[in-house]
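Colleague: Hi! Could you walk me through this one while I have it open?

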Amino acid sequence: MNQQAQNLALLLKQQILLNNEKAKITEAQVREWEKIAELMLRLDSRPYGLAIDVLLWCQQDEFWSCNILGMAKFRKQFDQLYMKMRAEYRKNGKCAECGHPIKHHGTGCYDCRNNGGGPLGPCAG
């Protein structure tokens, strides 16, 4: 199995357990999530880093953390989650891609992530 898919499945498990320590997540579920994550990365062409960002955001959101309790739902709702994440960031004066303060990026997140940084250098995260 793809290491990135395994990482996404484990990250989802970790985040769900942070939100609800009594959640029951079996190893069989995690293995199934790995398969779904692999499809999302390969067939849907979702960038790994973006998938992590969206997954972390949705598990911190009051509404979505109660609704995204598996990888199939995450994959199905990915576009909606991404758009809501970006809208929330823009509303709060943050970079629509990663949530860092706009002033940090100067010319935007694309420069930050892909070209070594904007006027203030690479993103410190």
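Colleague: Which helix is Q59 found in?

Modeller: Q59 is found in helix α3; helices here are DSSP runs of H or I with at least four residues, numbered from the N terminus. Keep in mind that this is a predicted model, where local features need pLDDT of at least 70, side-chain atom pairs count only at pLDDT 80 or more, and totals for chains, interfaces and linings use all residues. Residues are numbered from 1 along each chain as its sequence is written, and side-chain values use heavy atoms, with hydrogens and water left out.

Colleague: Thanks. Is Q59 buried or exposed?

Modeller: Q59 is buried, with a relative accessible area of 2%. Buried means under 20% relative accessible area, exposed means over 50%, and partly exposed is in between, using a 1.4 Å probe and protein chains only.

Colleague: And what is Q59 in contact with, leaving aside its neighbours within four places in sequence?

Modeller: With those neighbours left aside, Q59 is in contact with L12, Q15, I16, N19, W64, S65 and I68. Contact means heavy atoms within 4.5 Å.

Colleague: At what angle do α1 and α3 cross?

Modeller: Helix α1 (residues 3-19) and helix α3 (residues 48-60) have axes that cross at roughly 10° and come within 10 Å. That makes α1 roughly parallel to α3. The axes are lines fitted to C-alpha atoms, for helices over the stretch in contact, and angles run from 0 to 180 degrees between N-to-C directions. Under 35 degrees counts as roughly parallel, over 145 as roughly antiparallel, 65 to 115 as roughly perpendicular and the rest as oblique.

Colleague: Which residues make that contact between α1 and α3?

Modeller: From α1 you have Q4, N7, L8, L11, L12, Q15, I16 and N19, and from α3 there are Y48, A51, I52, L55, L56 and Q59. The residues of this contact of α1 with α3 divide into nine nonpolar, five polar and no charged. Ala, Val, Leu, Ile, Met, Phe, Trp, Tyr, Cys and Pro count as nonpolar, Asp, Glu, Lys and Arg as charged, and the others, Gly among them, as polar.

Colleague: Which residues of α1 are buried?

Modeller: A5, L8, A9, L11, L12, K13, Q15 and I16 are the buried residues of α1. They pack against α2, α3 and α5.

Colleague: What about Y82, buried or exposed?

Modeller: Y82 sits in helix α5 and is buried, with a relative accessible area of 17%. The C-alpha atoms of Y82 and A51 are separated by 8.9 Å, and the two residues are 31 residues apart along the chain.

Colleague: Changing topic: how many salt bridges are there?

Modeller: A search of the whole structure finds four salt bridges. The cut-off is a side-chain nitrogen of Lys or Arg within 4 Å of a carboxyl oxygen of Asp or Glu. One of them joins R42 to E38, with the closest N and O atoms 2.7 Å apart.

Colleague: Where do R42 and E38 sit relative to each other?

Modeller: They are four residues apart in helix α2, so R42 and E38 are separated by about one helical turn. E38 counts as buried at 18% relative accessibility.

Colleague: Which parts of the chain does the D44 and R75 pair link?

Modeller: D44 and R75 meet in a salt bridge at 2.7 Å, N to O. The pair links distant parts of the chain, with D44 in the loop between α2 and α3 and R75 in helix α5, 31 residues apart. R46 also forms a salt bridge, with D79, where the closest N and O atoms are 3.0 Å apart.

Colleague: Last one: what is phi of S45 near?

Modeller: Phi of S45 is near 55°, a positive value in a residue other than glycine. Most residues other than glycine have a negative phi. S45 is found in the loop between α2 and α3 and is exposed, with a relative accessible area of 55%.

Note on methods: Helices (H or I, at least four residues) and strands (E, at least two) are DSSP runs, numbered from the N terminus.
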